[in-house]
Amino acid sequence: MEILGATLRVCVDDLEAAVPFYERLAGGTALRFERGGVQVAAVGCFLLMSGPKAELEVLRKVAATIAVTDVEEARKVLSEMGAHIVAGPVPTPVGRNLIAMHPDGAIYEYADRKA
């Protein structure tokens, strides 16, 4: 499994107010989408999320998003190493993802850009 990088997950109360700051900080334009009632803006290494409190409580449990070349390969490797696959792999607006709990209890999203 090849890890390409990581994205920091940031839950914000007001996405519209937060996006300009992060666009300027990261030097780019946010890619926006909505998933499960949560508004999302991806800009640079930041994934900003805003939405219903109950949804954000779940999202806050995921420490980071880790980009990989292939989520299916990540699932296999993680399972072999003792991680628990909580959800996925499932399609997303930009590829596929899964949620895994590492043996130490840390929870991460693994994502690829394959359709």
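Two strands pair if DSSP finds at least two bridges between them. In this predicted model, eight strands form an open sheet with mixed pairing.

- The strands follow the order β2-β3-β4-β1-β5-β8-β7-β6.
- The edges are held by β2 and β6 (84-92), each of which has a single partner strand, so one side of each is left without a neighbour in the sheet.
- On average, neighbouring strands are turned by 25° against each other, direction ignored.
- The strands β3 and β4 run antiparallel and are joined by five bridges; Val 40, for example, has Met 49 in β4 as its bridge partner.

**Helices on the sheet**

**Helix α1 in detail**
- This helix spans residues 15-26 and reaches 16 Å from its first C-alpha to its last, close to the 16 Å expected for its 12 residues.
- Leu 15, Ala 18, Val 19 and Tyr 22 are buried; they lie on the same side of α1 because they cover an arc of only 110° around the axis.
- These buried residues pack against β1 (3-11), β2 (31-35), β3 (38-43) and β4 (46-50).
- The face turned away from the buried side carries the exposed residues Glu 16, Ala 17, Phe 21 and Arg 24.

**The ends of α1**
- At the start of α1, a side-chain oxygen of Asp 14 comes to within 3.2 Å of the backbone nitrogen of Glu 16.
- Just after α1, Gly 27 adopts a positive phi of about 70°.

Notes: Residues are numbered from 1 along each chain as its sequence is written. This is a predicted model: local features need pLDDT of at least 70, side-chain atom pairs count only at pLDDT 80 or more; totals for chains, interfaces and linings use all residues. Side-chain values use heavy atoms; hydrogens and water are left out. Helices (H or I, at least four residues) and strands (E, at least two) are DSSP runs, numbered from the N terminus. The expected span of a helix is 1.5 Å times one less than its number of residues. Buried means under 20% relative accessible area, exposed over 50%, partly exposed in between (1.4 Å probe, protein chains only). The arc is that of the directions from the helix axis to the C-beta atoms. Contact means heavy atoms within 4.5 Å. A polar contact is a pair of N or O atoms within 3.5 Å; within protein, one must be able to donate a hydrogen and the other to accept it, and residues adjacent in sequence count only if both atoms are side-chain atoms. Axes are lines fitted to C-alpha atoms, for helices over the stretch in contact, and angles run from 0 to 180 degrees between N-to-C directions.
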